[in-house]
Amino acid sequence: MLKLTQHFPCAVPVLVLATCNIVIGMQRWSRFARLFFDIAEGVSVNSLFDSAPGFDQPLAVLKHCHDRIRKQLATLDKLLQHLPQHGADTDAQQAAQAVLRYFSKAAPLHHEDEEIDLLPTLSATASGADATLLETLLKTILAQHQQMAMQWAALEQQLSAIAAGTAAQLSADAIAQFAALYAEHMQIEETQIAPMAKRLFSDAQMQTLGAAMQARRGISA
């Protein structure tokens, strides 16, 4: 028990389920456990082992959002592999629901953090070579946000049907394009935008950014 929970923190809720006399065959349990770990990373689960940094570190919060996006994209890929053999079973429905929750609720807030607060503040602060680079990057980032919204609209329809158990089709091409776009987007922000903001922002600007992000999520100070 100790070794299991040491290496697999999510085993604690899994074992709780087991003690509730949920009888699952070994093959189904293996599939369920893999998807359960992914679902445990969803926005609705408050894991003690995946706590977010505080809003007094706004750039760290933005990076944490990227890490969660990567986990949701990994769940999408696993779901794509799961569906042909098992269809829209309970495991697939739960995984689809977790991805839907994240990209319908948390991801838009992340984009607003950037479009409303981070990027305008950076534009007002940068000068010289930083301003020149930022002008180019802004066009790319905002265009990517629009592309993401369009691509998500198509995936959302497919995932909603899977979550409802009424269909088991998921486009591999759509997922690949969505994941590639996010990968490029996050790479730009993590290697260009965040380092520039860290270098240029004053403590007061960081505090203002963090407060705006916190208020956007309805979290009291």
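## Basis of the model

This is a predicted model, in which local features need pLDDT of at least 70 and side-chain atom pairs count only at pLDDT 80 or more, while totals for chains, interfaces and linings use all residues. Residues are numbered from 1 along each chain as its sequence is written, and side-chain values use heavy atoms, with hydrogens and water left out.

## Overall architecture

The protein contains eight helices and zero strands; helices (H or I, at least four residues) and strands (E, at least two) are DSSP runs, numbered from the N terminus. From the N terminus on, the order of elements is α-α-α-α-α-α-α-α.

Of the 221 residues, 41% count as buried. Here buried means under 20% relative accessible area, exposed over 50%, and partly exposed in between, with a 1.4 Å probe and protein chains only. Contact means heavy atoms within 4.5 Å. Among contacts with a separation of 6 or more, 75% come from residues 24 or more positions apart.

## Packing of helix 5 and helix 6

Two packed helices are described by the angle between their axes and the distance between the axes. Axes are lines fitted to C-alpha atoms, for helices over the stretch in contact, and angles run from 0 to 180 degrees between N-to-C directions. Helix 5 and helix 6 pack at about 160 degrees, with their axes 10 Å apart. The two helices are therefore roughly antiparallel to each other.

The crossing of helix 5 and helix 6 is left-handed. A crossing is left-handed if the near helix is turned anticlockwise from the far one by less than a right angle, and right-handed if clockwise. By class, their contact has 16 nonpolar, seven polar and three charged residues. In this classification Ala, Val, Leu, Ile, Met, Phe, Trp, Tyr, Cys and Pro count as nonpolar, Asp, Glu, Lys and Arg as charged, and the others, Gly among them, as polar.

## Packing of helix 4 and helix 7

The axes of helix 4 (residues 58-86) and helix 7 come within 11 Å and cross at roughly 165 degrees. That angle makes helix 4 roughly antiparallel to helix 7, and helix 4 passes helix 7 in a left-handed crossing. Residues making the contact include Leu73 and Leu76 of helix 4, and Phe178 and Tyr182 of helix 7. By class, this contact has 13 nonpolar, one polar and five charged residues.

## Aromatic pairs

Rings of Phe, Tyr and Trp (its six-membered ring) pair if their centres lie within 6.5 Å; planes under 30 degrees apart count as stacked, over 60 as edge-to-face and the rest as tilted. By this rule, the count is six aromatic pairs. The rings of Phe103 and Trp152 have centres 5.3 Å apart and planes at 40 degrees, so the pair is tilted. Phe103 lies in helix 5 (residues 90-125) and Trp152 in helix 6 (residues 128-164), 49 residues apart. Both Phe103 and Trp152 are buried.

The rings of Phe103 and Phe178 have centres 5.2 Å apart and planes at 65 degrees, so this pair is edge-to-face. Phe178 lies in helix 7 (residues 172-200) and Phe103 in helix 5, so the pair ties together parts that are 75 residues apart in sequence. Tyr102, Phe103, Trp152, Phe178 and Tyr182 form one aromatic cluster.

## Surroundings of Asp130

Asp130 is found in helix 6 and is buried, with a relative accessible area of 17%. Leaving aside neighbours within four places in sequence, Asp130 is in contact with Met196, Arg199 and Leu200.

Terms used:
Parallel < 35°, antiparallel > 145°, perpendicular 65-115°, else oblique.
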